[in-house]
Amino acid sequence: PIDVTTIRTLYVFVEIGVDNTHLAQTIRANFPSDRAQFQKQILDAEELNANAAAGTLLTGVARLRLEGPTAVDTLPEDTPDPARAAKTKLALVSTIQFVSAVQKLHEDLSADLPPEKSSVPLPRRTAGLIASAGDSPSQADSNVDRNIELYSGQYETVIPRSKPLSPGEILGCTAPSLPSDVDALLYVGDGRFHLESIMIANPTVPAFRYDPYSKKLTRERYDHEEMRSIRMSAIRTARASINESESQTIARRKGEDDLAPEKPLWGVVLGTLGRQGNFKQLQYIMEQLSSHSIPIPFMPILISELSPAKLSLFPASHMSAFVQTSCPRLSIDWGYAFDKPLLSPYEASVTVGGRKGWWEDSEKDKEIYPMDFYEATGEAARSRKMGAGALTV
């Protein structure tokens, strides 16, 4: 880390250009600017088929499309004036290289679309483009001279922020909590790693991804229930090892189990790859373990890259759990593959009682797994700054 090493380091942030016009037109071609329409045409219709088996042919439902609104989509005559109707509210996020595109999209969607720009020519269908179910060859090529009609109203857009990150920027381990009235979140970027972070932090908000390379808009989902179940199991297994250690300690004091084996250790892993390791955070975790009401024996471990194969080299009978400081997503995404619980710093704090688990916090209405690893006010940030001293703050 640049605040630890004595070597001067220059970070270069690369901004990648995006076809901003195509991005804005894609949103306007698919998302009604009216909140009620958006809920009905995009969210409600799509939810009806969310549990369809893989390979199921979906017909007669609204899907993300190339075509814009048609006469079928228009509001009934008794619908209130669109100018006074509630606007669709979108949260816009991206990785750091696309934050400028997010800012531009925010500007484009916050204004009415001029009449002369409310439709764009529909390009000829090209090889490899999948036609809608039931299209005949003539129908598939019938869009040669058609236009895409765009929703021309204003959208309400927000660009959330987790300081010290830039507005709209998210990381795989750090993402903000969105306002409760957001209709959907839109992620601009390729891949799902960073997107999954804000999906985990906002499990009830529908997520969409615009890939600036393929220029595709897709609906994205995440199995929150399975993830939370796996992580809760790891925490409870680690807690059980503490209780077992207490039983052994009491037995030794009473002289009932003089021949009992040594108590299994917790391995505290300091990642040495790039910026992943932080010695003060290591100190913080070790202090948590040693100051616990039942002191937890531990062993510091330095590893550049974590893998089940590497940790399996430690005898199972000698280890009861591992805490890794490299990246919380190693535990979330791959923890199930390890023989022993592989806890993130947050999960370790929950295990020893320093922090409430997401299922234990009665102050929150929903079970939300926090994604605040680099958030300035979070526990992890305090521990990286103050080390063991953060426990007394």
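1. A crossover counts as right-handed if, with the strands pointing away from the viewer, the path from the first strand over the helix to the second runs clockwise. In this predicted model, strand β5 (residues 184-188), helix α5 (residues 193-201) and strand β6 form a right-handed β-α-β unit, where helices are DSSP runs of H or I with at least four residues and strands are runs of E with at least two, numbered from the N terminus.

2. Residues are numbered from 1 along each chain as its sequence is written. Because the model is predicted, local features need pLDDT of at least 70 and side-chain atom pairs count only at pLDDT 80 or more, while totals for chains, interfaces and linings use all residues.

3. Strand β6 (residues 207-211) has five of its five residues buried, that is, under 20% relative accessible area with a 1.4 Å probe and protein chains only. Both faces are covered, with Ala207, Arg209 and Asp211 on one side and Phe208 and Tyr210 on the other.

4. On the question of partners, two strands pair if DSSP finds at least two bridges between them. β5 and β6 pair in the parallel sense over four bridges, and leucine 185 stands opposite alanine 207 of β6. Five bridges join β6 to strand β7 (residues 216-220) in an antiparallel arrangement, in which tyrosine 210 stands opposite leucine 217.

5. The hairpin of β6 and β7 has four residues between its strands, and lysine 215 there takes a positive phi near 60°.

How values were computed:
Heavy atoms only, no water. Buried < 20%, exposed > 50% of the residue type's maximum accessible area, 1.4 Å probe, protein only.
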